[in-house]
Amino acid sequence: MPKQGTDRIVIRKYANRRLYDTSKSRYVTIDDLTTMVKDGVDFRVIDIPSGEDLTRFTLVQIILEIESKGHKLLPVAVLQQLIRYLHTSLLRR
């Protein structure tokens, strides 16, 4: 659960793919962001060249990193259901 009474931290993502935590004035890694999520820190990832909000993409990337380390977070059937659901939802637009 996000910590109450704190502002959302802005993480800047530069063209060179580096991530910069504006609250601590330092570069961070995906592992650092994973720890922030575990600690309930609310952050937003902004692509500096385009201004696009990459928070969702970054959170999915964190899940993929965890999966790549051998942790099976989501069963294959759930992933297949998610893809089918998303495909159906996108067709309705």
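How many helices and strands does the secondary structure of the chain comprise? The chain contains three helices and four strands, where helices (H or I, at least four residues) and strands (E, at least two) are DSSP runs numbered from the N terminus. The model is predicted, so that local features need pLDDT of at least 70 and side-chain atom pairs count only at pLDDT 80 or more, whereas totals for chains, interfaces and linings use all residues. Residues are numbered from 1 along each chain as its sequence is written, and side-chain values use heavy atoms, with hydrogens and water left out. From the N terminus on, the elements follow the order β-β-β-α-β-α-α, and the C-alpha trace spans about 40 × 30 × 30 Å along its principal axes.

The four strands form an open sheet of mixed pairing in the order E3-E2-E1-E4; two strands pair if DSSP finds at least two bridges between them. Strand E3 (26-28) and strand E4 (43-47) stand at the edges with a single partner strand each, so one side of each is left without a neighbour in the sheet. From one strand to the next, the twist averages 35°, angles being taken from 0 to 180 degrees between N-to-C directions of axes, which are lines fitted to C-alpha atoms, for helices over the stretch in contact. Strand E2 (residues 19-21) pairs with E3 in the antiparallel sense over three bridges, and tyrosine 20 has tyrosine 27 in E3 as its bridge partner. Helix H2 packs on the sheet, touching strand E1 (9-13) and E4, and its direction makes about 110° with that of E4; contact means heavy atoms within 4.5 Å.

H2 (residues 55-68) also meets helix H1 (residues 30-38): their axes come within 10 Å and cross at roughly 100°. H1 and H2 are therefore roughly perpendicular to each other, a term covering angles of 65 to 115 degrees. Ile30, Leu33, Thr34 and Val37 in H1 meet Thr58, Leu59, Gln61, Ile62, Glu65 and Ile66 in H2. By class, this contact has six nonpolar, three polar and one charged residues. Ala, Val, Leu, Ile, Met, Phe, Trp, Tyr, Cys and Pro count as nonpolar, Asp, Glu, Lys and Arg as charged, and the others, Gly among them, as polar.

The largest pocket is lined by Val60, Ile63, Leu64, Glu67, Leu74, Leu79 and Leu82. A pocket is an open set of points on a 1 Å grid over the protein atoms alone, where a 1.4 Å probe fits, with protein on both sides within 12 Å along at least five of seven lines; lining residues have an atom within 4 Å of a point. H2 gives the most to this lining, with four residues.

Definitions and conventions. Parallel < 35°, antiparallel > 145°, perpendicular 65-115°, else oblique.
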